[in-house]
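The questions below ask how the labels put on a structure follow from their definitions. Each answer sets a value against its cut-off.

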Amino acid sequence: MAVEVRIPTILRPYTGDQKSVEASGGSLSALIDDLESNHPGLKDRLVEDGDLRRFVNIYVNDEDVRFLGGLEASVSDGDQVVVLPAVAGG
Amino acid sequence: MLTLDRATYDGIVAHAKRDHPDEACGIVAGPEGTDRPERLVEMVNAAGSPTFYEFDSTDLLRLYREMDDRDEVPVVVYHSHTATEAYPSRTDIGLAMEPYAHYVLVSTRDHGNNDGPVEFRSYRIVDGEVTEEEVAVVDALPDHPPEHADETAEHQGDPDGR
């Protein structure tokens, strides 16, 4: 089962500079674990203390996963996942 | 160094003054690999705050999709400080996630919504390290170098083809 995951510039060092990689998993959580197995270090940039990092946005088919159950959001074959760091500051 | 055309510079300053006392934020997009800030995109500060800014997550996705479609990158990421100097705060540094962007800070603390000069400064922020850079404002960005110089030369050549 393949899901396209779009990787932002700042995280491309983890993916050998690829803009998009494939991963699989029935939930966002499983998908991130699969990503981690192929691109070690990536999970820590997305997840903190068992929850999504506050300033990282993840979208499944253009919907912010915060509205889809966060890490429990379901993901299926053919979906597109986009990772975008927040543009924010003080 | 960051080189901006006058209209873009004025646009950023006007946005910062208009949104004062809340922080204003936005980007200037440009073709990937050119470092040319060509297209000013004002964003809504979803935090609506005098001490914090954040792009709305839906707006953020739309913006990055649009830039992707146009082969653009965020050449400049700008925001204003409304009560402090135009220098990145600790939060700004911790959340800076565009290693190739020029981070522009405008301070409206002196004149608020009114006419009058602002502090306008630019930085690179990479791995928590801040490097200030010079800002040059020009009437217009320099032209692109011709992409097909050879073809151009042919067109300008002998009409008999010699």
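Q: What share of the contacts in chain B with a separation of 6 or more comes from residues 24 or more positions apart?
A: Such pairs account for 63% of those contacts, where a contact means that two C-beta atoms, placed from the backbone, lie within 7 Å. This is a predicted model, in which local features need pLDDT of at least 70 and side-chain atom pairs count only at pLDDT 80 or more, while totals for chains, interfaces and linings use all residues. Residues are numbered from 1 along each chain as its sequence is written, with chains lettered from A and ligands numbered from 1 in the order in which they are written.

Q: Why is Asp49(A) called exposed?
A: A residue is exposed if 12 or fewer other C-beta atoms, placed from the backbone, lie within 10 Å of its own, buried if there are 20 or more, and partly exposed in between. Asp49(A) has 5 such neighbours, so it counts as exposed. Its phi is near 50°, a positive value in a residue other than glycine.

Q: What makes Asp62(A) exposed?
A: The count for Asp62(A) is 11 other C-beta atoms within 10 Å, and therefore this residue is exposed. Asp62(A) also has a positive phi, near 75°, without being glycine. Its place is the loop between β5 and β6 of chain A.

Q: How many helices and strands does chain B have?
A: There are 4 helices and 9 strands in chain B. Both are DSSP runs numbered from the N terminus: helices are H or I with at least four residues, strands are E with at least two. Of the 162 residues of chain B, 34% count as buried.

Q: Which residues of α1(A) are buried, and why are they said to line one face?
A: The buried residues are Leu28(A), Leu31(A), Ile32(A) and Leu35(A). Seen down the axis of α1(A), they fall within an arc of 100°, so they line one face of the helix. The arc is that of the directions from the helix axis to the C-beta atoms. What covers these residues includes β1, β2, β5 and β7 of chain A.

Q: What makes β2 and β6 of chain A edge strands?
A: The open sheet of 5 strands has the order β2-β1-β7-β5-β6 (chain A), with mixed pairing. β2 (20-23) and β6 (63-64) each pair on one side only. Two strands pair if DSSP finds at least two bridges between them.

Q: Which helix of chain B lies across β5, β6 and β7 of chain A, and at what angle to β7(A)?
A: Helix α2 (residues 57-69) of chain B does, running at about 105° to β7(A). Angles run from 0 to 180 degrees between N-to-C directions, with axes as lines fitted to C-alpha atoms, for helices over the stretch in contact. Within its own chain, α2(B) lies across β2 (25-31), β3 and β5 (72-81), at about 145° to β5(B).
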